[in-house]
Amino acid sequence: MPAPLDRRILILATLGGLPAVAVAEYVVWRMAWPLPVRILLVLSLLAVWIGCAVAARRSLVNPLHTLANLLTGIRQGDFSLRARGAGAGDPLGAVFLEYNELGEALLAQHVSALEATALLRRIMEEIDVAVFAFDAEERLQLVNRAGERLLGQPEERMIGHTAQHLGLAEARALPPGRTLDATFGGSSGRWEVRRGTFRQGGRPMELVVLSDLTRTLREEERLVWQRLVRVLSHEINNSLAPIRSLAGTLTSLLDRQPRAPDAETDLRRGLDVIGTRAESLNRFMASYARLARLPPPVPGDVPVGAWVERVAGLEAGAAVTVTPGPAVVLRGDGDQLDQLLINLLRNALEAVQGRGAVEMGWRLLDPRTVEVWVRDDGPGIPASANLFVPFFTTKPGGTGIGLALSRQIAEAHGGSLVLTNRGDAPGALARVRLPLSP
């Protein structure tokens, strides 16, 4: 085993001065001085020799001890210690200077990491999703406040328990992004499960996040019902108000004695209006039933070119131009897709009112998606967020069912429908994006 560094430095310093001391001792001893003087000089030279060796050892070993203490502080997380005598004038000062700069950088990183960790913990505590972290042994190591509320237990009672013990085994087994109908802590609902992995202290950890979809779904359901009731009430009142008014007028005509000569004509006219409004209300409710009973698509091969050409040919005499695209075939319900495109084409034709042009076409967005578009040079669409709300319409006599039904058909085929104003010219642009295979 090699000798310690301080002992080796002392030995080397001693051996380095040995020849000079030996020569000096020999010269002093050969002098014709009294014996006591020669002995005193020899001992003085020996003392100086040993003292210089010890001083050389200290001048090198003590800074190394200081540097070791400073590095120990860094290892223990204390980044506030600084070395004195740092400077670029000598090698040891340069080492201390580099240490001080390293300490400043580590201190800044440490403070930043503490702040980021505090922020992350704060966010985890405040977010309304339950977060659980399990180690490689499937034992819980981290849970936020929402997780405590979900399971109805404090953190200290859950840490260290397995997912099976906590009732989270099914959630951990689900693929990410799936939903789970389950009961946690006495609360039943639907939960979205998301999972991921990370490392903490070099150990692999699994993150399980549960989002409560029940409240969101109930709120969306409530808003849909409110919107539907509002639209239904509006349409029904529009029909019942004139019926009620005419019924009162006709009753007064019947009660009037003697009756006016044109009373029978007025009665017939009023009854005709009542019948017309009742028929309109009946058509409205039939449209609602049609939207609610849209059957699932029956897939088949639909050549896109033939589909577009066929729908364009249904509007005889209309100025409809077809811009051909690539020869592609998609899988879908031909009857439903016809209805979708007919609705869009008729909206465009009604917008131009015979004084403008309507153009249809299709293109491939990528090898798996086709886009069919209908554009016109009419006045464009109004800035409204209710375009796809069932029974909302901006056209006199419209049912407000066409766009809602068209989007429902597109989404049933795994696609989408977007209606915007054209950017290059006046008019509207409808874009239907559909996958070539379901």
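User: Is Glu-138 buried, partly exposed or exposed?
Analyst: This is a predicted model, and Glu-138 is found in the loop that links β1 and β2. Its relative accessible area is 41%. Buried needs a value under 20% and exposed one over 50%, so Glu-138, at 41%, counts as partly exposed.

User: What is the phi of Glu-138?
Analyst: Glu-138 is not a glycine, yet its phi is positive. The value is about 65 degrees.

User: Thanks! Now a helix: how far does α3 reach from its first C-alpha to its last?
Analyst: Helix α3 covers residues 91–126, which gives it 36 residues. At 1.5 Å a residue, the expected span is 52 Å, and the model comes close to that. From first C-alpha to last, α3 reaches 52 Å.

User: Which residues of α3 are buried, and what covers them?
Analyst: The buried residues of α3 are Gly-93, Phe-96, Tyr-99, Asn-100, Gly-103 and Met-124. Their cover includes α2 (35–75), β1 (130–134) and β2 (140–143).

User: Which element supplies the largest share of the largest nonpolar core?
Analyst: The largest nonpolar core has 37 residues, and Val-304, Trp-307, Leu-330 and Met-360 have the most contacts inside it. Several elements each supply at least two of its residues, including α10 (304–314), β9 (358–366) and β12 (428–435). The largest share of this core is nine residues, and it comes from α11.

User: How many residues are in the other core that lies apart from it?
Analyst: Among the members of this other core are Phe-134, Val-143, Leu-151 and Val-193. The core has 20 residues.

User: Which residues does Trp-307 touch, leaving out those up to four places away in sequence?
Analyst: Trp-307 is one of the residues with the most contacts inside the largest nonpolar core. With residues up to four places away set aside, Trp-307 touches Val-302, Leu-330, Leu-337, Asp-338, Leu-341, Val-372 and Leu-434.

User: Asp-338 is on that list. Is Asp-338 buried or exposed?
Analyst: Asp-338 is found in helix α11. Beyond its sequence neighbours up to four places away, Asp-338 touches Trp-307, Arg-310 and Val-311. Its relative accessibility is 15%, and because the limit for buried is under 20%, Asp-338 counts as buried.

User: What distance separates the C-alpha atoms of Leu-429 and Trp-373?
Analyst: Leu-429 has its place in strand β12, and Trp-373 is among the residues in contact with Leu-429. The two are 56 residues apart along the chain. Their C-alpha atoms are separated by 7.0 Å.

User: Which residue lies over the face of Phe-134?
Analyst: Phe-134 belongs to the core of 20 residues. At 5.4 Å from the centre of the Phe-134 ring, over its face, lies Arg-172.

User: Let's zoom out. How many helices and strands does the protein have, and what share of its residues is buried?
Analyst: The secondary structure comes to twelve helices and twelve strands. The protein has 438 residues. The buried share of these is 31%.

Notes: Residues numbered from 1 in each chain as written. Predicted model: local features only at pLDDT ≥ 70, side-chain atom pairs only at ≥ 80, totals over all residues. Heavy atoms only, no water. Helix = DSSP H or I, 4+ residues; strand = E, 2+ residues; numbered from the N terminus. Expected span 1.5 Å × (residues − 1). Buried < 20%, exposed > 50% of the residue type's maximum accessible area, 1.4 Å probe, protein only. Contact = heavy atoms within 4.5 Å. Lys NZ or Arg CZ within 6 Å of the ring centre and 35° of its normal. Core = buried A, V, L, I, M, F, W, Y, C linked by side-chain atoms within 4.5 Å.
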